[in-house]
Structure formats: C-alpha cells, structure tokens
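Subject: Structure handover

Hi there,

Here is the structure I promised to pass on to you. Please have it open while you read the notes below.

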Amino acid sequence: MTNAIIRPAIEADGVRMLELIRELAIVEKAPDEVTVSMEEFLDAGFGKNPVWGAFVAEVDEKIVGISLYYIRYSTWKGRRLYLEDLIVTESMRGYGIGKQLFEETLNLGKSQGYHGMVWQVLDWNEPAIQFYKKYKADFDAAWINVSITY
C-alpha cells in the first residue's frame with residue numbers, strides 16, 4: 001500500500017490529467033476517442049462555469065491518479081455524484097491509490113449530503129468490477145447506455 005497524497009485538482013494539473021485520460025483510452029482500446037482539447041478541458045474544470053471536479057493522487061510529487069466527477073440529478077434520488085473516471089497509471093496500480101481516490105470521492109458526496117454515487121464500468125474490466133464489488137456496489141444490467149455525438 002502506497003500512501004499517496006490525495007488533493008483537489010488545480011488548473012496546473014490539467015496537462016498530466018489529460019495524459020492519464022489518454023492512457024485510460026488506450027487501455028479501453030479507444031485511443032482515438034479522446035478528442036477534447038486542452039483549452040476545453042481546462043475551461044470545463046476551472047473556467048467561469050466549471051462542470052466537473054477532480055481529485056489527484058500524488059506520489060513523490062508526481063500525479064499518478066485522478067478521480068474526475070460531476071454532480072448529476074436523479075428525479076428519483078436527488079443529487080448524486082457521477083464518477084466519470086477513476087484512473088491510476090499502470091505502474092502504480094495495486095498499491096491502494098485507486099482505493100484512496102475512490103474513498104475521497106465517496107466522502108465528498110457524503111459530506112455534501114448527496115444521495116449516492118453512480119458510474120460505469122466496462123463489462124470486460126474484471127479487476128475494476130472486483131474492486132467495486134468490495135464496496136457492495138449495485139450492478140444494474142437492465143439499463144442500456146445511449147448517447148448522441150454532435
């Protein structure tokens with residue numbers, strides 16, 4: 001277990017955060033799907049009207065992981081966090097950094113009085129599925145992902 005420093009992301013972290021997002025896209029076999037520009041990414045997180053927040057994990061003053069989230073609203077449940085990405089760079093996996101980031105994000109939602117957290121996991125990502133099962137997460141196969149790209 002590595003005791004990483006977990007802290008809120010700041011704008012200066014943006015370049016490294018986007019590097020980790022691209023690393024995740026490679027793992028998920030979709031390297032060409034990350035099309036967001038650095039300008040859009042930074043504006044969306046740190047601009048006048050930010051739509052996401054994040055925590056970063058640092059080991060030896062280097063960002064090795066992120067948890068990027070935003071607030072969503074459920075007409076049935078109320079405010080909930082949506083965990084967009086939980087990423088730990090490959091060389092640092094297995095040291096408990098993902099656990100630290102995940103729990104920091106869970107605690108944020110609890111402290112804000114939200115009614116839970118939701119996220120997605122790829123059906124073939126068995127290590128992630130097993131990780132989330134340790135938290136007694138509910139897996140709902142009844143819903144189908146739907147999206148439109150403009």
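Helices here are DSSP runs of H or I with at least four residues, strands are runs of E with at least two, and both are numbered from the N terminus. Asp43 counts as partly exposed because its relative accessibility is 46%; buried means under 20% relative accessible area, exposed over 50%, and partly exposed in between, with a 1.4 Å probe and protein chains only.

Before going on, please note that this is a predicted model, in which local features need pLDDT of at least 70, side-chain atom pairs count only at pLDDT 80 or more, and totals for chains, interfaces and linings use all residues. Residues are numbered from 1 along each chain as its sequence is written, and side-chain values use heavy atoms, with hydrogens and water left out.

Now the overall picture. The protein has four helices and five strands, in the order β-α-α-β-β-β-α-β-α from the N terminus. Its radius of gyration is 15 Å, which agrees with the value near 15 Å for a compact globule of 150 residues; the radius is taken over C-alpha atoms, and the globule rule is 2.2 Å times the number of residues to the power 0.38. The C-alpha trace spans about 40 × 35 × 35 Å along its principal axes, and 39% of the 150 residues count as buried.

Back to the surface. Asp43 belongs to a patch of negative charge there, together with Glu11, Glu39 and Glu40. A nonpolar patch is formed by Val27, Leu122 and Trp124, with about 230 Å² of accessible area together. Patch residues have over 30% relative accessible area and no salt bridge, with like charges joined within 9 Å and nonpolar side chains (Val, Leu, Ile, Met, Phe, Trp, Tyr) within 5 Å. A salt bridge puts a side-chain nitrogen of Lys or Arg within 4 Å of a carboxyl oxygen of Asp or Glu. Trp124 sits in the loop between β5 (117-119) and α4 (126-133) and is partly exposed, at 40% relative accessibility.

Finally, have a look at the loop between β2 (53-59) and β3 (62-74), where Asp60 lies. Glu61 lies in the loop between β2 and β3 as well. Most residues other than glycine have a negative phi. Asp60, however, has a positive phi near 50 degrees, and Glu61 has one of about 65 degrees. Asp60 is exposed at 75% relative accessibility, and Glu61 is exposed with a relative accessible area of 77%.

Best wishes

Key: Accessible areas come from the Shrake-Rupley method with a 1.4 Å probe; for residues, only the protein chains shown count as cover. Lys and Arg count as positive and Asp and Glu as negative; His and the chain ends are not counted. The place of a charge is taken as NZ of Lys, CZ of Arg, CG of Asp or CD of Glu.
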